[in-house]
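Here is a short tour for anyone who likes to check a model by hand. Please keep the viewer open as you read.

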Amino acid sequence: MSHRNSQWRVRGDRRFQVADSPTFPCQSKLEGAFPMTIRSNRNRSRQTSRRLILENVEARCLMAADGFDWAPDAFADLTVPAEISSLSIQSDSDQAADGPSPVLMVISNQDFWYQDYADTRASLEAAGLEVVVAAATTEVARPHARSGQGSDGGMVRPDLALTDVNADDYSAIVFSGGWGMAQYQYGFEGNYHNDAYNGNRDMKLIVNDLINQFIEQDKHVAAVCYGVSVLAYAEVDGEALLQGRTVTGWNGTAPGADGVGETARRQIESRGATMLASKSIGDASTAADDVYIDGKIITAENYDSAGYFGTVVARQVIDDFTSQPNDDGQPGDDGPTDQSQPKPVLMVIANQDFYHREYYESRESLEAAGLEVVVAAATTETATPHAISVVEGREPNVDPDIALADVNADDYSTIVFIGGYGAASYQYAFEGTYDNGSYQGDDSVKVIVNDLINDFVEQDKYVTAICNGVTVLAWARVDGVSPIDGHTVSSWAGTLPNADGGQTQVTRDHIESNGATQVASGSVGDTSTATDDVIIDGNIITAENFDSASAFGAVVAEQVIEAFNASAEATDQAILELVGA
């Protein structure tokens, strides 16, 4: 898959932007001694930083997950080679406008769990997010002994005191684990044996107010391990925050209180939450993937889950940011509006004589699967279908959302060509002349359509068509040949509009003259019907006719969603491996 304008964030709030970088993985031309930490910038468009923009450089991609460039902690040593054609420096001044606000991580000044803190923070920063650490005071915070810290003792000096925190400045709040977090439990009425865990009422009120502010601002409130107990004892509008929610958290003991032993589970469930069993999420042999999202509440079981927990929080924060409107009222910031789901499907119809049933039933299946459909045509003027093709009771005419000239393939997960004689107007390499001038189309539009098909092919996305729409693929040219050359397809078993003075145009002839094999009508699945005649051959998906439209939409949706999930899982797995989870 081709990646252009890939962004690299580096230590010291700098990143390299490599223009026109080649397909992953690629051979480096950056070498020598320019020490830097390359971190993931997945789903981020900009951040407060100085940026070095390097043009026309091949960059070695250390991870092949889509949209995720990362160098592990044996960080790359690089120098700027002679191949760089230009260098410019840009400064960003407005952090709020440039990227997600920092994540606020809360630890205790005594007995925080170091691995909960360190692994969570590493994943957040690997995703390109800034982390600000807060505690009751800015005095050095001391972790539990043997909680994952190295020989340096794992001391952490908080960036600011909780009294100085303004929720407006942060994208999410994350409570780390460790028994010391008990000092923030607002609704806890007992008395811990270790007085350091009791905290004071004023600090508990400050923390509870902060949680309320994050909830009010519809921001994520997250906790790992024993930090979940802070959420359990928080109160919003007079009720326990976790009342009626499902969470995961520390399955061991809590600090002793009032002369008896405590368990974290009892504390959490006493506040109305349902707490999942240990290791019950995903792989039952480990807690590494035990992270649970319930609305804006994100919880993780323990230190083993911390690396993935940070990844999940980062993804949610980034998704929230990219879905926010810009000053121009459009979602996001130079990128897709929501990285938690696939991009929209681009459906192409003809402005005259598209087949309505193919359009309607394909779209209905795509939308039933939760996918957004954007309709494009040569112009945004009202598109009219074949009269005989209209689904009874449905509006026959369609107002396209966008003209083909304004389409950017980057914004869509797949392209779908709907049939009807009008589809002939998009046949790029067809050299005949249709007797009906409206089917002949405009050469400039044919070029646009062909370029779009090339863009989707280059981006390794599905290119799909139904009925006579398959002839658009047949007459397209990618590197000089049809994109369906050598493929097996299903398509309309009848004719296209007459051409060259009344000569009958057989759809099969158009398709097979361009190197594809068209299966017989009704030959896929149940031979008594064409309703299931849909063929997937690589990244080409084709369907026979209007009877196949519903299944066609469902198959396209399934493939798009599977591809999206595979990409997301590959990214998450790569992050887990890089942070050592």
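## The chain as a whole

This is a predicted model. Its protein chain has 12 helices and 33 strands. Of its 581 residues, 55% count as buried.

## Helix α9

Have a look at α9, which spans residues 443-458 and has 16 residues. From first C-alpha to last, α9 reaches 22 Å, close to the 22 Å expected at 1.5 Å a residue.

Which residues of α9 are buried? They are Val 445, Lys 446, Val 449, Asn 450, Leu 452, Ile 453 and Phe 456. These residues lie on the same side of α9, because they cover an arc of only 155 degrees around the axis. Their cover includes the strands β21 (345-348), β26 (414-417) and β27 (462-466), along with the helices α8 (437-440) and α10 (470-474).

## Leu 371 in its loop

Leu 371 sits in the loop between α7 (356-368) and β23 (373-377). Its relative accessibility is 5%, so Leu 371 counts as buried.

What does Leu 371 touch, leaving out residues up to four places away in sequence? Its contacts are Pro 342, Val 345, Leu 366, Ala 557, Val 560 and Ile 561. Leu 371 and Val 345 are 26 residues apart in sequence, with their C-alpha atoms 7.0 Å apart in space.

Technical notes. Residues are numbered from 1 along each chain as its sequence is written. This is a predicted model: local features need pLDDT of at least 70, side-chain atom pairs count only at pLDDT 80 or more; totals for chains, interfaces and linings use all residues. Side-chain values use heavy atoms; hydrogens and water are left out. Helices (H or I, at least four residues) and strands (E, at least two) are DSSP runs, numbered from the N terminus. The expected span of a helix is 1.5 Å times one less than its number of residues. Buried means under 20% relative accessible area, exposed over 50%, partly exposed in between (1.4 Å probe, protein chains only). The arc is that of the directions from the helix axis to the C-beta atoms. Contact means heavy atoms within 4.5 Å.
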